[in-house]
Amino acid sequence: MAKVTYHIITIFPEAFGSYLGESILARAIEKGIIDVKIYNPRDFTTDKHRKMDDRPYGGGPGMVMYAEPILKAVEQIKNSLKSEIRPTQVKVILFSAQGKQFTNEMARKFSKKYKNIILIAGHYEGIDARVTKILKAEEISIGPYVLTGGELPAMVLVDSISRQVTGVLGKHESLEEERVAAKEVYTRPEVFEFKGKKYRVPKVMLSGNHKLIEEYKLKNK
Ligand code: ADE
């Protein structure tokens, strides 16, 4: 089975535990289908204050993260992988609101192509631009809005790529993606009463006629 390991570089390592400890991702980690390793760039600083950032050259608001601790973290990750894999199977991603818009198609491609994915979560005004150049990292945005850091985007990628990795989703859930996905889904009871009003499941959904149900889903997509 092709396992995918994510290496997340973040100054907030604790931000990941609760999500990864729950549900489908936790099960996938337990089964050994995916793995998530966290690295704090502060551990790669050399000064006694473990300083991670500084003012931007040319002025402007906020702070910029130093290149060196991040590059050192990536180097350690790559060294640890040297014996096991080919460099073409490692992908380096850096998050930025100006990056390329992430899509499900990219999630599918990454899940098939890479065994190790390094995710660099930036903060403040960003990361020294030389990191992207040196690592030939791909800059990715998860949507047209600005976040305070790269931790949520990193989790979004871990989630969306992992669900494309064979064995992470159950057979039924995986098949579901190939079929017509309905906008509306229903479960029991057939008639739901709320504040005196009755809400019914559309009759066709109860018909047992799969052809009609598929047609209805297509119409209501
Ligand atoms: N950092 C700040 N905003 C972001 C976004 N929308 N996507 C990825 N990284 C970001």
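1. A backbone N or O atom of Gly143 lies 3.1 Å from a nitrogen atom of the ligand. The corresponding distance is 3.0 Å for Ile142 and 2.9 Å for Leu147. The protein covers 93% of the 260 Å² of accessible area that the ligand has on its own (Shrake-Rupley method, 1.4 Å probe).

2. This is a predicted model: local features need pLDDT of at least 70, side-chain atom pairs count only at pLDDT 80 or more, and totals for chains, interfaces and linings use all residues. Residues are numbered from 1 along each chain as its sequence is written, and side-chain values use heavy atoms, with hydrogens and water left out.

3. The shell around the ligand (a heavy atom within 4 Å) includes Phe95, Ser96, Ala97, Tyr145 and Pro153. By class, the shell has eight nonpolar, three polar and no charged residues; Gly counts as polar and Tyr as nonpolar. Strand 5 gives the most, three residues (strands are DSSP runs of E, at least two residues, numbered from the N terminus).

4. The ligand sits in the largest pocket (more than half of its atoms lie within 2 Å of the grid points). A pocket is an open set of points on a 1 Å grid over the protein atoms alone, where a 1.4 Å probe fits, with protein on both sides within 12 Å along at least five of seven lines; lining residues have an atom within 4 Å of a point. About 510 Å³ of space lies in this pocket, counted as the space filled by probe spheres set on the points.

5. The pocket is lined by 25 residues; Glu125 and Gly126 are among those nearest its centre. Strand 5 gives the most to this lining, with five residues. The lining has 12 nonpolar, 11 polar and two charged residues.

Methods
Helix = DSSP H or I, 4+ residues; strand = E, 2+ residues; numbered from the N terminus. Polar contact = N/O pair within 3.5 Å; in protein donor to acceptor, adjacent residues only side chain to side chain.
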